[in-house]
Amino acid sequence: MADRILKKENLGKLVASVNGKGGRFIAPVLDARQVVFKDVARAEDIVSDYILARNSYKEYVFPQTEVVADFTVEKHGVDLKSREVEARETVVLGARPCEATSLSSLRAIFTWDYIDEFYTKREDTLVVITVACTKADEACFCTTVGLSPETKTGSDVYLLETESGDYIVETMTEKGKAFVERHKAAFTEGGAKAKALVMPEKIGTIDLNKVGARLKDKSHYDDQVWARLTRKCIGCGACTFVCPTCHCFDITDEGTAFAGERRKNWDACQYDTFTLHASGHNPRHYQYQRWRNRFMCKFNFYPEKFASKGCVGCGRCIRVCPVRLDITEVMEEFSR
Amino acid sequence: MSNNIYLPHLVTIEDIYEEAPDVRSFRLVFKDKALRETFDFKTGQFGLYSAFGLGESTFCIASAPTRKGYIQCTFRKSGRVTGGLSELSIGDTMGFRGPYGNFFPVDEWKGKNLVFIAGGIGLPPVRSVIWNCLDRREEFGDITVVYGARTVADLVYKNELQHWGDRNDVRLIQAVDPGGQTPEWQGKVGFVPTVLEEAAPIAENTVAVTCGPPIMIKFVLKALEKLGFSDENVYTTLENKMKCGVGKCGRCNVGDVYVCKEGPVYTAAEVKKMYNDF
Amino acid sequence: MEERLRKKAKELLESGEVKVVIGYGWNRQKTRTSPVFITDAAEVDRLVWNPLCVNNLSIYLTRKFKDIQALGRPAIVAKGCDIRNIVVLITEAQFKREDVYILGMACEGTVYRQELWKGELKPEIMPTKCHNCDVRNPHLADFVVGEKSSFTPPEAPAGMVFDKIKAIDAMGQAGKWAFWINEFSRCIKCYACRQVCSLCYCERCITEKNMPQWIETSAHPRGNLSWNLTRAMHLVGRCTFCGECERACPVNIPLNLVNQKMIQVVKDAFDFRSGYDEKTHPPMIVFSPDDKDDFIK
């Protein structure tokens, strides 16, 4: 049977088709010497030689800053208007298989009894087109958390790069099938040889089950190991901002005394003000306690509470950390 | 109809009560007439209160669900939002989202004695329970209220304290910290946990509810243990910083427990099982 | 040099003169260095020294790190450029000279970013600060490790940062504005620049002060501009051009350009360069009748 192919020279057609039908096309491009996910108008801007984009594509379902309501304060009352999300097809091309699994984790949080439509409406119209990895670096550890470049869960469309720079297309979900159908002019049929996938080596000293079991035992909270391993953390929060599963946010008002907007902004559990009470008491007074919370969130809260992955092994937090605090070194310690 | 979970309801400030220095209560009425009729909550639940242009702040609903048609909140002016709320006057508009969280299982307490122990600004959540139970007085046994504050001026709900003291179906013990008394002070002088131990309520068939500063709660729990209360019969309400109130924003958790969704009301037994993340 | 450093660290810990040695160690793969805190003399072999030791560890001497302060008197492994930050911290009364034991490292330069390292320190992977360094031999230290460097910096500072500043200066007002608005547009408000800076030691940063909210916390153009400009202003006469903020920035905002420009302005206006003398106060906290006022335009 012939494969469905997305030819390199047809990428432009696909971009034009998506943008032309009122959609949004997101792909890795070069910006300020980094590969980042951005809106793309021309296929020539799309980069194919990269490990992972610097940012997670979560910002297209959970924007860094977003207005949830507008208000004007008048003499006798307040005029309050809700913001609604305009849902339109948003296509992310070039996600990696690891990060594609993160959406189900975010969805679990944003639909936990109360449905955050700012998230769900965007995710409902998001098409994740994954390109399987033909490169990895020393920060990649997907295989250590039970994923790999062959993981297809979370992808709507899964692409394999071919020797000639084209893509072999596999549709994984109804959404993916509908997407290919909608933009079928960009796809062809044929045969091609896929490039070999590159698997990061599994870190043999890490056992996720052991990590999970140690974290469940509540006595570890007072273990000196946290301070010893993580006191170098400077609390910048860069790890949380690039992480595909970090979901914390702040709600804040901006504007003048008479009119303004209520915004939902990314926030980070690594900041000391994050949990600071009005009384001055802070449940997480030291930085290592904040770091511990993030690790707990990834390897206890997400898996135990939401049966989802808190960490997909993309390694972004390791690459971005100014003090090279490597989460796998802590996982290693908790595998003992 | 908007499904925006972050959109507050508009409420009008119908009355303002000065409770203590920098502490005031608002009596709030929904602008939406239909909502005014249908709005319901359970004692112990909380809400997010907006001062538009400044943001939202979390406090409990201090009124009782047995009192319909309005809600009351009590807050201390301490930050940006509470500072902004303090500037508002009767007739002004603010925002309210809620009710959120779990509640005190008052229905399970039928036939039991109740002891309420509160410190300072910790009385408002307990007040909701007290009025709820007083409005259904015949369903419960003895009711004891132990309330203390740093100084006489810091005692909140002074009129109600007097009312409770005057009732013969409530045993009220008031206290102020040493040095906080005035020459006219008739109540006890001492810290709440000590005063509680002296009052020695009977533990048998009794439920205790406590709220106050973390340090007070810590010692109240010890005192209750000494008095023979089992951890299953002691309730408290945890106050952590919150922004969303609906289990999304990620900051109110104590270990794996999200206070906004799975709390704020817990038994002492549940609190003792939590990760040490207070 | 590494052996000499370990030996000294061991002595210091064994004698009890210091309780912790703040230095550099390897990551698991031995491809990057990362800060380590040695409290046990038996662990001094974890200390390493090489051109990958880019972090400015002086940040761990500030009051932001209360659990590190709780360990006791520290010794710190510091390059000359890091020592400049320590000097500023002393002049700003953050601690006293005797509160810290400085293990000064004679330095032949570091890499701009660790990922550039291919086993050899070539000029093209060194940051501008190293090419112009006049403190390769530590100027303030309790103990110096390593051979004296014979490097002399060029008469007039040169390198990529200086070239770019010249280019931006030539852009004119509109051009400069467009350049910076574009650069700041990428800001994600993670505050890594602030957190990695040893001179950003405020317990409550202006951006966290919300009564009133001086700086909007949203990552939109208004918020990004006011944050980045305010931080630049707060570093005037203090920044030592250590480059940590630019290195830490996850979105590659060229903060070195802002900070070096401010350094040049301070040099012209006050003939002052920060971080050389722990007994001289920085110009922004002293008043002198001789101050030139010609920078007010």
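**View 1. A salt bridge between chain B and chain A.** The side chains of Asp277(B) and Arg292(A) meet in a salt bridge, with 4.0 Å from N to O, in what is a predicted model. Across the interface of chain B and chain A, seven salt bridges are found by the rule, together with 31 residue pairs in polar contact, both residues of each pair being at pLDDT 80 or more. On the side of chain B that touches chain A, the elements giving two or more residues are β3 (46-51), β4 (55-60), β6 (93-100), β14 (257-258) and α7 (259-262) of chain B. Of the elements on this side, β6(B) gives the most, with four residues, and the residues of the side divide into 18 nonpolar, 14 polar and 14 charged.

**View 2. The contact area of chain B and chain A.** The contact takes 46 residues from chain B and 52 residues from chain A. The area buried between the two chains is about 4000 Å², of which carbon and sulfur atoms give 54%. Within the area that chain B buries against chain A, Tyr6(B), Lys248(B) and Tyr275(B) supply 18%, more than any other three residues.

**View 3. The largest nonpolar core and the surroundings of Val21(C).** The largest nonpolar core has 172 residues, and those with the most contacts inside it are Tyr57(A), Phe295(A), Val21(C) and Tyr60(C). Helix α9 of chain A, spanning residues 287-306, gives the most to this core, with nine residues. Apart from this core lies another, of 38 residues, among them Phe104(B), Val106(B), Leu134(B) and Val207(B). When residues up to four places away in sequence are not counted, Val21(C) touches Ala9(C), Leu13(C), Val36(C), Phe37(C), Ile38(C), Leu47(C), Ala75(C), Val77(C) and Leu103(C). In soluble globular proteins, nonpolar side chains tend to be buried together.

**View 4. A salt bridge between two strands of chain A.** The structure holds 75 salt bridges over all chains, and one of them is formed by Asp39(A) with Arg24(A), whose closest N and O atoms are 2.7 Å apart. Because Asp39(A) lies in strand β3 (residues 34-39) of chain A and Arg24(A) in strand β2 (residues 24-31) of chain A, the pair ties together parts that are 15 residues apart in sequence. Asp39(A) counts as partly exposed at 43% relative accessibility, and Arg24(A), with a relative accessible area of 24%, is also partly exposed.

**View 5. A salt bridge between two helices of chain B.** Lys272(B) and Glu225(B) form a salt bridge in which the closest N and O atoms are 3.1 Å apart. This pair links distant parts of the chain, since Lys272(B) is in helix α8 (residues 268-272) of chain B and Glu225(B) is in helix α6 (residues 214-226) of chain B, 47 residues apart. At 47% relative accessibility Lys272(B) counts as partly exposed, and Glu225(B), at 47%, is likewise partly exposed.

**View 6. A salt bridge between two loops of chain C.** Arg32(C) forms a salt bridge with Glu115(C), the closest N and O atoms being 3.7 Å apart. The two residues link distant parts of the chain, 83 residues apart, with Arg32(C) in the loop between β1 (20-26) and β2 (33-38) of chain C and Glu115(C) in the loop between β4 (101-105) and α4 (128-131) of chain C. Arg32(C) counts as buried at 15% relative accessibility, whereas Glu115(C) is partly exposed, with a relative accessible area of 44%.

**View 7. A network of salt bridges with residues from chain A and chain C.** Glu254(A), Glu261(A) and Arg263(A) are linked with Glu216(C) and Arg222(C) in a network of salt bridges.

Technical notes: Residues numbered from 1 in each chain as written. Chains lettered and ligands numbered in written order. Predicted model: local features only at pLDDT ≥ 70, side-chain atom pairs only at ≥ 80, totals over all residues. Heavy atoms only, no water. Core = buried A, V, L, I, M, F, W, Y, C linked by side-chain atoms within 4.5 Å. Buried < 20%, exposed > 50% of the residue type's maximum accessible area, 1.4 Å probe, protein only. Contact = heavy atoms within 4.5 Å. Buried area = accessible area lost by both parts, 1.4 Å probe. Polar contact = N/O pair within 3.5 Å; in protein donor to acceptor, adjacent residues only side chain to side chain. Nonpolar A, V, L, I, M, F, W, Y, C, P; charged D, E, K, R; others polar.
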